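Visitor: Please walk me through this structure, one feature at a time.

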Amino acid sequence: MTDTAPATVPQLTPAQVLGALGAALRDGGIRVVDLTQTLSPEFPQIALPPEMGQCWPFRIEEVSRYDERGPGWYWNNFSCGEHTGTHFDAPIHWISGRHLPNNAVDTIPVQHFVALACVIDCHEQAAADPDYLLTVADIEAFERAHGRIPAGAWVLMRTDWSRRRDPEAYQNFDETGQHTPGPSSEAVQFLVERRDVLGFGSEAIGTDAGQGYHLRPPYPCHYFMHGAGRYGLQCLCNLDLLPPTGSLLICPPLKIEQGSGSPLRVLALVPGV
Amino acid sequence: MTMPLMRPRRKNPVLRTPQMNLPPWARGRVALGLTAAAAEGRLELQVCQDCGAVQYPPREACHACVSARLRWRAQSGAGRLLAATTLHHSNDLFFRERLPWRLGLVQLDAGATLVVHLHGDVTAPGQPVRVTARLDRAGRAVVIALPDPETPHMADDKMLREMGCDPKFRKVLVSDGKTPLGQALVRAFVAAGADIVWVGHAEPWKKLPGFDALSALPQVTLVPLDVTDGRSVAELAGEIAGKVDIVVNNAEVHRAHGIAARRGTDAARAEMDVNYFGLLRLAQEFGPALKGRSADGVAHAAAWVNLLSIYALANFPPHGTYAASKAAAHSLAQCLRAEMRPAGIRVVNVFPGPVDDEWNQNLPPPKLAPDALARAVVQALKDGLEDVYPGDVAQEWLERWREDPRVLERELAAGG
């Protein structure tokens, strides 16, 4: 991935950039937006056919709450899968990325956990069609309006799917499986090969569409992104609060040895109003 | 003639909820044979192996020939009423609160004479009766006389209802309504006259056939309940535990493999999490509320039903991890029974053979139809049973297990 330092502040040294950033964060010139769903037992987890291994949902149990189990303190134990809630996908998650170097959450260069983001707005299409697939034409239209997607940036697909607070509507299953929006196979290949993106982020439960198993190849976003050493973010929210370009994502996953992903807090720095 | 039970009026909320006073419960060890048989719905009496005398009450030796060679043997219970009396006074708190109470003397065709609790339709000396053993509110066997032949509405008799857990006008929680068995249970409880059936609804995004039709029944209310989530159990208990009269825990995970056929422990852990810890979570949250309402009017809190498996008694290696989780649940259910019994709540453990469902798809018949199992559960509640082994497979395994668990273990290892 190539260097994408903004060209608008050539007169500042890196130390001055950080100083200015700190000052802007303090005075509201730059705001921090939380793109994370709250981890709770009610938040749905990905559902695979029951004979397969399953991702654990988030579960939490009290250790003590100022009671006989611990008189002066409150704390919990929790359990979940690496792919529970708002989470990060590392290349090792997919068979296409399993032999790449630095492909797990503990070995990915930390520089990649802070990067610019572009937000492609598909919320109207997703409202009309839950199975909506982001197309190359959508990407080209975005670039005509907002400029070329810089190399090394996240591309986030805004669908407003996270506004479906009812887990049943969020999962959106029928007898043919899940119906949630995602990228087309061609769009993923375009982003990887032609735009050299850092990764792809979505609001639904996977980076791939609910019916992604029936695309060619199955689950193209997982297959191509991870096969090229790129990352995934899913179960994001508040993408409607981000500008189309010019936000900075901070999204370091937990440092799990050979971890395929992890729940995480995703923050975006955006220009203040 | 028994008057049909009318829908109980709503309770007066300014009055204290009556608390349970158990009937006399102390019995000698020898009398527990009567209780063990009654728990499975049988009248068994001691029969002398030397002189053939049938005796009651239980003793250490034969009342006729003083032989110690006594065996518990099933009895038909056929007999005639000799005399009846009505109790209008008692110093025992249980009976004092339920006066008047009818008692009688019955001569069995098999010989013994018994003092029994009398059904209201047994009135005239000389009348034919069927004597059976029932567990009373203290969980100990008592003998009762029923009219023979049966009479209309006889299940609504005051004495008989005290001995059972009839779902009629009761409020029931079925912990998982999504499986074929869960749906059959809900329909069976509705058919049995349950007032309300709350139906647990985990992972609401998973659509399963038949579920929508179930929720259309007027008695049915779907409630979010995931027994793997302590908070979900606690929240539902906070909402409805004070009204539930019968808890039916049928939530289970069942995977068809042993140790070597599946890598890792995730599936086995899911089985334990639902089949064992799920019961523990439910019992911790719903148990206290049930205990507090065990004398709350004619439709008082009455029973806790655990859907276990005949595999709980002996491991079936092709479904080995499932069997282990059911054995754990069985052990915990024994603990639950011991804790609920002093409050007068009956814990019913059901040990079916393989149910005809997706996880037993590869097992040859006979398999228990979900409807048949659901009917057996409701019947067990009506009859006041504690241990139920529905279906041919369960009955056969139970018999072999009682003969010799070691022999059964080897037979099951060879494929059953």
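**Reading the model**

Guide: Start with Thr221(B), which touches Ile196(B), Trp198(B) and Val199(B), leaving aside residues up to four places away in sequence. Contact here means C-beta atoms, placed from the backbone, within 7 Å. This is a predicted model, where local features need pLDDT of at least 70, side-chain atom pairs count only at pLDDT 80 or more, and totals for chains, interfaces and linings use all residues. Residues are numbered from 1 along each chain as its sequence is written, with chains lettered from A and ligands numbered from 1 in the order in which they are written.

Visitor: Where is Thr221(B) placed?

Guide: Thr221(B) sits in strand β11 (residues 220–223) of chain B. Strands are DSSP runs of E, at least two residues; helices are runs of H or I, at least four; both are numbered from the N terminus. Thr221(B) and Val197(B) are 24 residues apart in sequence, yet 6.3 Å apart in space, C-alpha to C-alpha.

Visitor: Does a count decide burial, and how does Thr221(B) count: buried, partly exposed or exposed?

Guide: Buried means 20 or more other C-beta atoms within 10 Å of the residue's own, exposed means 12 or fewer, and partly exposed lies in between. Thr221(B) counts as partly exposed because it has 15 C-beta neighbours inside 10 Å.

Visitor: Which residues of helix α1 of chain B are buried?

Guide: The general idea first. An α-helix has 3.6 residues a turn, so residues three or four places apart point the same way. In α1(B) (residues 32–39), Leu34(B), Ala38(B) and Ala39(B) are buried. They cover an arc of only 135° around the axis, which puts them on the same side of α1(B). The arc is taken from the directions from the helix axis to the C-beta atoms. The buried residues pack against β1 (44–48), β7 (128–135), β8 (141–147) and β15 (387–388) of chain B. Just after α1(B), Gly41(B) takes a positive phi of about 90°.

Visitor: What describes a helix pair?

Guide: Two packed helices are described by the angle between their axes and the distance between the axes. Take α4 (residues 180–191) and α9 (residues 370–383) of chain B: the angle is about 45°, with axes 8 Å apart. Axes are lines fitted to C-alpha atoms over the stretch in contact, and angles run from 0 to 180 degrees between N-to-C directions. That makes α4(B) oblique to α9(B). Under 35 degrees counts as roughly parallel, over 145 as roughly antiparallel, 65 to 115 as roughly perpendicular, and the rest as oblique.

Visitor: Which residue classes make up the contact of α4(B) with α9(B)?

Guide: Eleven nonpolar, no polar and two charged residues. Ala, Val, Leu, Ile, Met, Phe, Trp, Tyr, Cys and Pro count as nonpolar, Asp, Glu, Lys and Arg as charged, and the others, Gly among them, as polar.

Visitor: How many residues does each chain give to the contact between chains A and B?

Guide: Chain A gives 13 residues and chain B gives ten. On the chain A side, α4(A) gives the most, with three residues. That side divides into five nonpolar, three polar and five charged residues.

Notes: Contact = placed C-beta atoms within 7 Å.
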